[in-house]
Amino acid sequence: MKKRWVSILLCATMIITAGLTGCGGNTNSGKKEGTEGKVHLKWAMWDYSLIDYWEDLADEYMKTHPDIEIECVDFGSNDYSNVLATEMSGSGTEIDIVSIKDVVSYATLIEKNAIVPLDDYIAKDNVDLAKFNGVTDQVTVDGKLYELPFRNDVWWIFYNKDIFDEKGLEYPTNDMTWEEYDKLAREVTDTNFGSEVYGAHYHPWPSTVQLLGTLDGEHSILDKKYDFMKPYYEMVLKQEDDGVCMKYPDLITEGLHYSAAFSNGNIAMMNMGSWAVTTLLTKLSSGEFDPELCGNWAIASYPHAEGVEAGTTLGAITGLSVAQESDNKDEAWDFINWVSGEEGAKVLAKTGNFPAISNDAVRQEISSMEGFPQDEQSMEALNYKKMYLETPYGKDLSQINEVLGTYHSMIMNRECTVEEGITKMNEETAKIQ
């Protein structure tokens, strides 16, 4: 694939210091001019050679903005947040546009005063934040917004239609409570040796259990009181005991990837993020996955607690920010606004990724991907109503995540009871100041 203006940081073999933007990077200060007097913008990102949309977004923008030249600077993915934070510390960086990978790195860059508030730009250009379905409210810090999301990943129930057909059962719906989901998972389960079917599947991430209780909008992983997680841990552990899902220790031992588990054709329902769509379509198309086993799949909206609106889900965002040290802040903002708007959304959807805004045109682009399920329910599930961030903004997030991860493993490995694990979560996070 043709690559334009690429700088690659070899993070494993060199130390990034302030003022150095990459191998062969331009370290001159002042306004950076591109070829033929164009304004030259440097865009920080990860995995440039592996993620198609970086180049696609830059190319499409430059087609309609001939006075702009965009250089993609790859910081790698393994330690992106730390390397980026080092690069953005102090003066000297030449980065103009910053890709925000997660909430932890977002918080770090705000604390370092490395990115600027976007509120004045948003007001000037009359950007309607409502199109982001409330997500920007969850990353507003002290009344200021420092990023615009351009990509969303939301959670759905992926299910194997063939399994339900063979059992003569109705498919999962877009309006299920967790109690109804549990009942359906049990109905479709088959524990007979040689014909085992698991009604549900939970990847070992803490999020697949802990976050089920945050869909009410009243709780989050920042609460430091986690009794709301108890019924969901009890549900999953009881499913393990009854053969409704695979056991956590076995998944850890086998290192079983969620897509590989689903591809075996014996998992009826799997709660997973929208990133799994591209994985399934790619591996089915390449022949790595057998379409006879998992090719007849579909999606349903995430289940919800009683009293919560159907179509409420969890998710994560990828955002863009303007670097504090940029000499081209206005031009950087214009690019960010374009990427986060309808034009950028169309480009993103064509690559099989999910934009932060969702409208009929975007949904049509996604559903037209070869192999995407065409049933009415899957189409409806694309139009989620509300998304709560898996990891909302908070200065203690990294430490809290560590505590919750530790006791998630202990609960799921039966090293402690649910009550004991949650009590320790409450006690340990209360110590974090």
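**Start at the central strands**

Select Tyr159: it stands opposite Met269 in β8. Its bridge partner in β9 is Ala298. Helices (H or I, at least four residues) and strands (E, at least two) are DSSP runs, numbered from the N terminus.

Before going on, note the ground rules. This is a predicted model, in which local features need pLDDT of at least 70, side-chain atom pairs count only at pLDDT 80 or more, and totals for chains, interfaces and linings use all residues. Residues are numbered from 1 along each chain as its sequence is written, and side-chain values use heavy atoms, with hydrogens and water left out.

Now select β7 (148–160). This strand is mostly covered, with 13 of its 13 residues buried. Buried means under 20% relative accessible area, exposed over 50%, and partly exposed in between (1.4 Å probe, protein chains only).

Next, show the strands that pair with β7. Two strands pair if DSSP finds at least two bridges between them.

- β8: antiparallel to β7, over five bridges. Pick Phe158, whose bridge partner in β8 is Met270.
- β9 (residues 297–301): antiparallel to β7, joined by five bridges.
- β10: antiparallel to β7, joined by six bridges. Pick Pro149, which stands opposite Gly319 in β10.

Stay on β8, residues 269–273. Five of its five residues are buried. In a regular strand the side chains alternate between the two faces of the sheet. Colour Met269, Asn271 and Gly273 for one side of β8, then Met270 and Met272 for the other; both faces are covered.

**The largest pocket**

Which residues lie nearest the centre of the largest pocket? Select Lys101, Asp153, Trp275, Ala316 and Glu390. They belong to a lining of 41 residues. Elements giving two or more residues to that lining include α1 (52–64), α3 (103–111), β7, β10 (312–322) and α17 (397–412).

The pocket holds about 1200 Å³ of space. On a 1 Å grid over the protein atoms alone, a pocket is an open set of points with protein on both sides within 12 Å along at least five of seven lines, while a cavity is a set where a 1.4 Å probe fits but cannot get out; lining residues have an atom within 4 Å of a point. Grid points are joined across faces, edges and corners, and a volume is the space filled by probe spheres set on the points.

Colour the pocket lining by type: 19 nonpolar, 15 polar and seven charged. Ala, Val, Leu, Ile, Met, Phe, Trp, Tyr, Cys and Pro count as nonpolar, Asp, Glu, Lys and Arg as charged, and the others, Gly among them, as polar.

**Enclosed spaces**

How many cavities of 30 Å³ or more does the structure hold? There are four. The largest cavity has a volume of about 100 Å³. Select Phe354, Pro355, Ser358, Leu382 and Tyr384, the closest to its centre of 13 lining residues. β7 and α15 each supply at least two residues of this lining. By type, the lining divides into nine nonpolar, three polar and one charged.

Move to the second largest cavity, of about 50 Å³. Of its 14 lining residues, Tyr202, His203, Val236, Tyr248 and Met412 are the closest to the centre. α7, α8 (230–241), α9 (248–254) and α17 each give two or more residues to this lining.

Select α14, residues 342–350. Gly344, Ala345, Val347, Leu348 and Ala349 are buried here. The buried residues of α14 pack against α1, β7, α13 (329–339) and α15 (360–367). After α14 comes Gly352, with a positive phi near 85°.

Jump to Ser259, in helix α10 (residues 258–263). Is Ser259 buried or exposed? Ser259 is buried, with a relative accessible area of 2%. Leaving out residues up to four places away in sequence, Ser259 touches Thr279, Lys283 and Phe289. Contact means heavy atoms within 4.5 Å.

Then pick Gly76, in the loop between β3 (68–74) and α2 (80–88). Beyond neighbours within four places in sequence, Gly76 is in contact with Met45, Trp46 and Asp47.

**Last stop: confidence**

Colour by pLDDT, the predictor's confidence in each residue, from 0 to 100. The chain averages 89, and 92% of the residues score at least 70. Over residues 1–31 the pLDDT is below 50. Where pLDDT is low, the predicted coordinates should not be read in detail.
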